[in-house]
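Me: I would like to learn how to read salt bridges in a model, and I would be glad to go through them step by step.

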Amino acid sequence: MMRKTIIPFIVMVLVAFFAKAQEGKQLTGKVSYISAQHIYVRFPSTEGINIGDTLYIVSKGKRIPGLVVVQRSSISCVTTVVGNYSPRMNEQIHAILKPKATITEEKKPVAVPKKPVAVIPQTAKPQPKLIQEKSRLYGRVKLASYSNFSSTDARNRQRMRYSLSLNQDNIGNSHLSFDSYITYNHRTGGWNADNQSIFNSLKIYSMAVGYNFSPNTSLWFGRRMNRKVSNIGAIDGLQFETRVNNFTFGVIGGARPDYMDYGINTNLPQFGAYVSHEAKGKEGVVQSSLAVFEQMNGSNTDRRFVYFQHSNSLLKDFNLFTSVEMDLYQVKDSVPTNTLDLTSLYISARYRASRKVSFYASYDARKNVIYYKTYKTLVDLITDNATRQGVRFRVMVRPINYLIISARTGYRSRKGDPDPSTNYNFYITHSKIPWLESSMTLNVTKLKTSYLDGLQYGANLSKYLLNGKLYGSLSYRIIDYSFLNSNSGINQNLAGCSFAWYIMKKLQLSMNYEATIEKSNVFHRMYWGLSQRF
């Protein structure tokens, strides 16, 4: 019996070893430029990389497909994104080069006489060759369930969510492209309530058709978010963009999604224009965007503002990002007036002093974000609202291999707050604990505002199993929040576990469970999802 078990195991090990030996050489590059349609990756040399090859990123020790090569030069590749990967400037990208086959004496290629090469007169100018990109379909379909139940008399709730991300570049090898991301939600036993308005359940985050007049000029129609002016959010209508040298010009006209159910609302028109400039340096890229927008409610001006965004990575190991919004219109005593009022400001800087030490600082005076998809507990919402705005500083140290120590602090003092808000966070992570071959994080957060004083601390243990096909984690948090103006507070223990099983290359099953344990009640939350990429 034991022999029958051991023999297949030995065969599997030998097959894995042979497959590993057949892997090609790995070539590492980095993202050098990001445009609306393509991602540019710079390598020391692109020898061995072919059009259609997949490029990878490394996340948590696992190689994940991120880009596909559509054009290449001697040191750079023009690529498009695979699935939900979000590229970042200077991020490392890996190419797996296929090993060259050995040519034996019997299989040497037969020499073919070269044809005479026609001599082009010096007065004749060579015509540039336009490379037509091939049609490519990619996306993801996902089924998910969110359940809430407790030991109280409250009714148990379950919500189902179906999502589809479908994108196709150059449909039928033409200049047309399609981009979409759609979700549908419903509660068990709540179909009638959900269906009072189709957009209470159906959320269209993106659905647009684009046409590329040339590699530098495109037109999109439908609902789509523009990366150059991402703070505007999704836009229903037309988006035209063209690039001239280092400048990109764009014009947008249409409407905003309805602010109640995210549906279509033609009574919320908006239009605007933007200009963006990108330049490359030895160490990175500098990018600046300026946009002016008018948003209306019916025939009346709802908001008129200007938006400026700047990112800079020209200095070695230093990244700077800033965004500014200023309102140009307001109504005083029922009289419309032009104004210049700063409504949003965000600045962040990151500096990597060495391989072992890095610093991060930011100033945030933006409004808090409304999340349409992300589920957060009450404690998480309180923590986000108290720590997001203000000044933040973080230092991260890697004293030895696999060990990361980070300390973060934040300070906020707003007009109208009785007292400033402060927060402190400390965590330590060891990504490869001896014998367990797992990662563990210990975390402590101290929070104090004008209305609460709180402390939370916990631990998380995670590990890859089955040769990376299964990822599991265990977590535990203790919450102790006191409200300063009352005798009430939040005292909870949160225990959770999660796993992700990569059933096949593009098929994944995931589950997450968390129990909130109070003095007399226990609340349970469970999530599971099945996704298929293509």
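Reply: What follows goes from the chain as a whole to individual salt bridges. This is a predicted model, in which local features need pLDDT of at least 70 and side-chain atom pairs count only at pLDDT 80 or more, while totals for chains, interfaces and linings use all residues. Residues are numbered from 1 along each chain as its sequence is written, and side-chain values use heavy atoms, with hydrogens and water left out.

Me: How many helices and strands does the chain have?

Reply: Helices (H or I, at least four residues) and strands (E, at least two) are DSSP runs, numbered from the N terminus. Here the chain has four helices and 28 strands.

Me: How many salt bridges does the structure hold?

Reply: A salt bridge is a side-chain nitrogen of Lys or Arg within 4 Å of a carboxyl oxygen of Asp or Glu. The structure holds 10 of them, and Arg303, Glu325 and Asp327 are linked in a network of such bridges.

Me: Is Glu278, which forms a salt bridge with Arg243, buried or exposed?

Reply: Buried means under 20% relative accessible area, exposed over 50%, and partly exposed in between (1.4 Å probe, protein chains only). Glu278 is buried at 4%, whereas Arg243 is partly exposed at 23%. Their closest N and O atoms are 2.7 Å apart. Arg243 lies in strand β12 and Glu278 in strand β14 (residues 269-280), so the pair ties together parts 35 residues apart in sequence.

Me: Which strands hold Glu514 and Arg477?

Reply: The closest N and O atoms of this salt bridge are 3.9 Å apart; Glu514 lies in strand β27 and Arg477 in strand β25. Glu514 is buried at 16%, and Arg477 is partly exposed at 22%.
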